[in-house]
Amino acid sequence: MRTGKTPLLEVLDWLYPPICEICGLGLSEGKALCEPCAERLPRIVTPFCDVCGEHFQGLIDGPFDCPNCNEISFHFEFARSAMVRSDATLNLVHRLKYGKEIHLGAELGRLACLAFSDRRLAVALEEKWPLVPVPLHRSRQMERQFNQAEEIARSISIETGLPVSHLLKRGRRTETQTRLSRKQRMENLRGAFKLREPLPENVPPGYLLVDDVFTTGSTVDECAKVLRKAGAGRIAVLTVMRG
Ligand SMILES: [Zn+2]
Ligand SMILES: [Zn+2]
């Protein structure tokens, strides 16, 4: 059977038959999760904040103030994550990022694509907004050997046909953000991102910033600020998971 894979990949599949990364069941296609396991990962469904994408429990009708972002004005219009924070999804993200299991980028990108069920993202598909992965600093990318946001963006691009645009670079290396408050994160990130090149003359109607996890939003906001200043029109954010 022709699989469209290179001979090396076919040999690797034979040596290490693909198994579901959660339950260990054998897989026949080039996926990292079996269907039931992928289905079980909790998605963000309504109600959620229409600015930061935070998922809320219960029934909410009408507008409400999101406790996570009502005092913040972001440089992007809205952020949408596909998945709720769960141990299983976070584990996949960590295995990609820190375990260097680079093949998980494709699966996480496919999960991120679930967010396109949000009608507000339909315009990005119609108008072919470029996907802009949040960059890593060159030295960190050399340590890690890849950028997880780029891997996820590549997979989203394969699924949707949207182009990937490596518009941004990290001008200086920043401290790891995990233990910092929102205010500390903002200070830590100030001026961290730069344009790699000017925006094209025919600026696309919008850009879709891509990252693995949206936590406080300070990283993507700093990226959106740079794009906004350079003359970008609409800017939205797409991440696999809401942290
Ligand atoms: Zn499974
Ligand atoms: Zn919010």
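At what angle do the axes of helix 8 (residues 182-189) and helix 9 (residues 218-229) cross? The views below begin with that pair. This is a predicted model, in which local features need pLDDT of at least 70, side-chain atom pairs count only at pLDDT 80 or more, and totals for chains, interfaces and linings use all residues. Residues are numbered from 1 along each chain as its sequence is written, while chains are lettered from A and ligands numbered from 1 in the order in which they are written.

**View 1. The crossing of helix 8 and helix 9.** The two axes cross at roughly 40° and come within 9 Å (axes are lines fitted to C-alpha atoms, for helices over the stretch in contact, and angles run from 0 to 180 degrees between N-to-C directions). Helix 8 and helix 9 are therefore oblique to each other, given that angles under 35 degrees count as roughly parallel, over 145 as roughly antiparallel, 65 to 115 as roughly perpendicular and the rest as oblique. Helices (H or I, at least four residues) and strands (E, at least two) are DSSP runs, numbered from the N terminus. Arg-182, Arg-185, Met-186 and Leu-189 in helix 8 meet Ser-218, Thr-219 and Glu-222 in helix 9, where contact requires C-beta atoms, placed from the backbone, to lie within 7 Å.

**View 2. The packing of helix 4 against helix 7.** Helix 4 (residues 104-112) and helix 7 (residues 148-160) have axes 7 Å apart and pack at an angle of about 60°, and they are therefore oblique to each other. On the helix 4 side the contact includes Gly-105, Leu-108 and Arg-110, and on the helix 7 side the residues include Glu-151, Ile-152 and Ser-155.

View 3. Strand 1 runs parallel to strand 6 (residues 234-242) and is joined to it by five bridges, and Ser-81 stands opposite Thr-239 in strand 6.

Technical notes:
Two residues are in contact if their C-beta atoms, placed from the backbone, lie within 7 Å. Two strands pair if DSSP finds at least two bridges between them.
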